[in-house]
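Let's look at this chain together, one question at a time. Have the sequence and the 3D view open as you read.

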Amino acid sequence: MANNFPILVDRINRDGKSLPGGILKVDGFINHQLDPQLLYAMSEEFMRRFDPNSYNKILTIEASGIAPAVVLGYLAHKNVVFAKKKKPSTMDNTLVTEVFSFTKNTTYQICCSAEFLTKDDKVLFIDDFLANGKAAAGVQDLIAQAGAELVGMGFLIEKSFQNGGQMLRDQGIHVESLATIASLDDCKITFA
Ligand code: 5GP
């Protein structure tokens with residue numbers, strides 16, 4: 001049963017655009033222009049849904065996960081690590097994995113220094129969208145390589161007509177999505 005956060009639902013209804021191919025465009029408040037008041041409200045909601053005592057670190061993926069992760073990290077007093085999409089030449093001791101992107105139809109690498117993700121970490125993963133769960137699976141791989149523990153995964157928007165949410169919940173992972181979209185058919189946004 002979806003637990004939709006009304007402030008985000010209202011904003012998606014007002015400013016989100018459903019594009020052909022099941023893509024939701026939220027450039028005006030999540031993916032390009034950012035709304036700090038909305039980010040703050042969403043992070044407060046994540047504070048309610050994930051006990052800050054259960055994790056010591058927030059992990060996200062650049063670029064769009066960084067803003068919500070940092071605002072939550074500020075409220076929860078936790079460091080935030082973002083997986084990079086390009087390995088810097090200065091980074092050694094790196095954890096690397098591959099992610100397939102359906103929206104871009106390409107495979108890309110994400111990496112993280114083993115210095116900032118270790119066996120002592122209890123990790124909360126935060127990202128903008130959950131669709132087929134490929135980015136989330138890549139992050140699970142990085143966490144496994146580090147020997148860290150995954151505590152939960154929080155997404156701003158889940159598209160429940162794709163199978164990522166089911167795949168993660170079937171593994172017993174604590175998944176929270178602030179807005180769950182059941183359909184984008186006929187370019188109409190229908191919430192779960
Ligand atoms: P997944 O790995 O779960 O298949 O897809 C998640 C990633 O794809 C997100 O981090 C996001 O960057 C991108 N993505 C998937 N669906 C959408 C969408 O409908 N709109 C936007 N803006 N990004 C999406």
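Here are some questions about the fold, with answers.

This is a predicted model, where local features need pLDDT of at least 70, side-chain atom pairs count only at pLDDT 80 or more, and totals for chains, interfaces and linings use all residues. Residues are numbered from 1 along each chain as its sequence is written, and side-chain values use heavy atoms, with hydrogens and water left out.

Q: Which strands stand at the edges of the open sheet of 6 strands?
A: The sheet has mixed pairing and the order β4-β3-β7-β8-β9-β10. Strands here are DSSP runs of E, at least two residues, numbered from the N terminus, and two strands pair if DSSP finds at least two bridges between them. One side of each edge strand is left without a neighbour in the sheet, because each has a single partner: these are β4 (79-83) and β10 (190-191).

Q: Which residue in β10 is the bridge partner of Ser183?
A: Strand β9 (residues 175-183) and β10 run antiparallel, joined by 2 bridges. In β10, the partner of Ser183 is Thr190.

Q: With which side chain does the side chain of Gln140 make a polar contact?
A: Gln140 lies in helix α5. Leaving aside neighbours within four places in sequence, its contacts (heavy atoms within 4.5 Å) include Leu150 and Met153. A polar contact is a pair of N or O atoms within 3.5 Å, and within protein one must be able to donate a hydrogen and the other to accept it; residues adjacent in sequence count only if both atoms are side-chain atoms. At 2.9 Å, the partner side chain is that of Gln171.

Technical notes: Helix = DSSP H or I, 4+ residues; strand = E, 2+ residues; numbered from the N terminus.
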